[in-house]
Amino acid sequence: MGSASFQDRPPLVSVTPQGLYCRAGNFYIDPWRPVERALVTHAHGDHARSGSQRYLGARVGLGLLQRRLGADAVIDTLEYGEKLTVGDTTVSFHPAGHVLGSAQIRIEHQGEVWVVSGDYKRTPDPTCAPFEVVRCHTFITEATFGLPIYRWDDPRLVAQDILRWWDMNREAGRSAVLFCYALGKAQRLLAELGKLTDRPAFVHGAVNGLVTAYREAGVEMLPTQLVSETEKGTSFAGALVLAPPSAGGSTWMRRFGEAETAFASGWMRVRGNRRRRGFDRGFVLSDHADWPDLLRTVADTQAEKVLVTHGQTDSLSHYLRERGVDASPLATPFEGEAED
Ligand SMILES: [Zn+2]
Ligand SMILES: [Zn+2]
């Protein structure tokens, strides 16, 4: 998509105190302060913040956005690929493969195309539409795992490992408490495990409502039971329990008696992280692109310019620049794989 003349124009999207702003369309993308019009890539807390007057998101993620932003939030939606004129721009949402309803936002203005990726991944995920390559002149990419050490295994093999770990604890009469982010990761685990077994799993309250939202969107997962709805004195021996990391070490854990703990996250690629946080096991499973997929995606977009947010912004932009790509970090308060 060659056209060097775009380099002379003011940037289509720039960072302001409120957030990423598109002047030509007079809207913000994932703003961190309340604004008039917010286009949101997905329902994670660092991207979808309440208080704005009007939101626009991908339709399949509406339930999650409403849950995050509150019942009073005014949320318009577009189907993936559907175009809408906003100010002097044309915008559309394209699957990012990150969590249910996650989208890259494509903005076109006088022949120039920018894509804001939000968070994305390329590995298969049964809970959301696969990432779509969108060609553009400027690509704003995340870099949560933008270091060469981060490489993911096939998620189906990770799910088999988790099932073996559950079985091992089951045979020993222990419960298996698997910590994971409540939005996205928990549902992905339940969907992957659902292809391997039909034994029900227990879930923490923070996970449960989001599982319901995924079920309402038609995603198939293991049957689940809310821990707090079990009768007093219920034995959790042999059970698998999914909970957010914040529940670890709390009194909530006492009911499980003898238990092994594990954490499913991209951060578990670094062994020291598991030991430091005191988990018995670590399973490497991320909803973000690994290093090879970040590089592949940047190449696939054919972008002339790349702006890098989230996490390892310096490392990725430096690597790209050394290979002749016009890349630079873009300072935002977006978090990587943080706790949601
Ligand atoms: Zn996210
Ligand atoms: Zn993010």
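**Pockets and domains**

Modeller: Start with the second largest pocket. By class, 5 nonpolar, 2 polar and 3 charged residues make up its lining. Keep in mind that this is a predicted model.

Biologist: Which residues line the second largest pocket?

Modeller: Arg9, Pro10, Pro11, Leu12, Ser14, Tyr21, Arg23, Ala24, His109 and Glu112 do. The space in this pocket comes to about 150 Å³.

Biologist: How much space lies in the largest pocket?

Modeller: About 350 Å³. Its lining has 13 residues. Those nearest the centre are Met268, Arg271, Gly282, Phe283 and Val284.

Biologist: Which elements give two or more residues to that lining?

Modeller: They are α2 (155-171), α5 (271-277) and β17 (281-283).

Biologist: How does the lining of the largest pocket split by class?

Modeller: Count 7 charged, 5 nonpolar and 1 polar.

Biologist: Now the domains. How is the chain divided?

Modeller: Domain 1 covers 6-149 + 288-329, and domain 2 covers 155-283. Their C-alpha centres are 30 Å apart. Domain 1 gives 16 residues to the contact, and domain 2 gives 19.

Biologist: How much area do domain 1 and domain 2 bury between them?

Modeller: About 1400 Å². Carbon and sulfur atoms carry 73% of that area.

Biologist: How many salt bridges are counted between domain 1 and domain 2?

Modeller: The count is 1. Next, look at arginine 188 and aspartate 125. Their side chains meet in a salt bridge, at 3.8 Å from N to O. The cut-off for a salt bridge is 4 Å, so this pair qualifies.

Definitions and conventions
Residues are numbered from 1 along each chain as its sequence is written. Chains are lettered from A and ligands numbered from 1 in the order in which they are written. This is a predicted model: local features need pLDDT of at least 70, side-chain atom pairs count only at pLDDT 80 or more; totals for chains, interfaces and linings use all residues. Side-chain values use heavy atoms; hydrogens and water are left out. On a 1 Å grid over the protein atoms alone, a cavity is a set of points where a 1.4 Å probe fits but cannot get out, and a pocket is an open set with protein on both sides within 12 Å along at least five of seven lines; lining residues have an atom within 4 Å of a point. Grid points are joined across faces, edges and corners, and a volume is the space filled by probe spheres set on the points. Helices (H or I, at least four residues) and strands (E, at least two) are DSSP runs, numbered from the N terminus. Ala, Val, Leu, Ile, Met, Phe, Trp, Tyr, Cys and Pro count as nonpolar, Asp, Glu, Lys and Arg as charged, and the others, Gly among them, as polar. Domain bounds come from an automatic or database domain assignment. Contact means heavy atoms within 4.5 Å. Buried area is the accessible area (1.4 Å probe) that two parts lose on being put together, summed over both.
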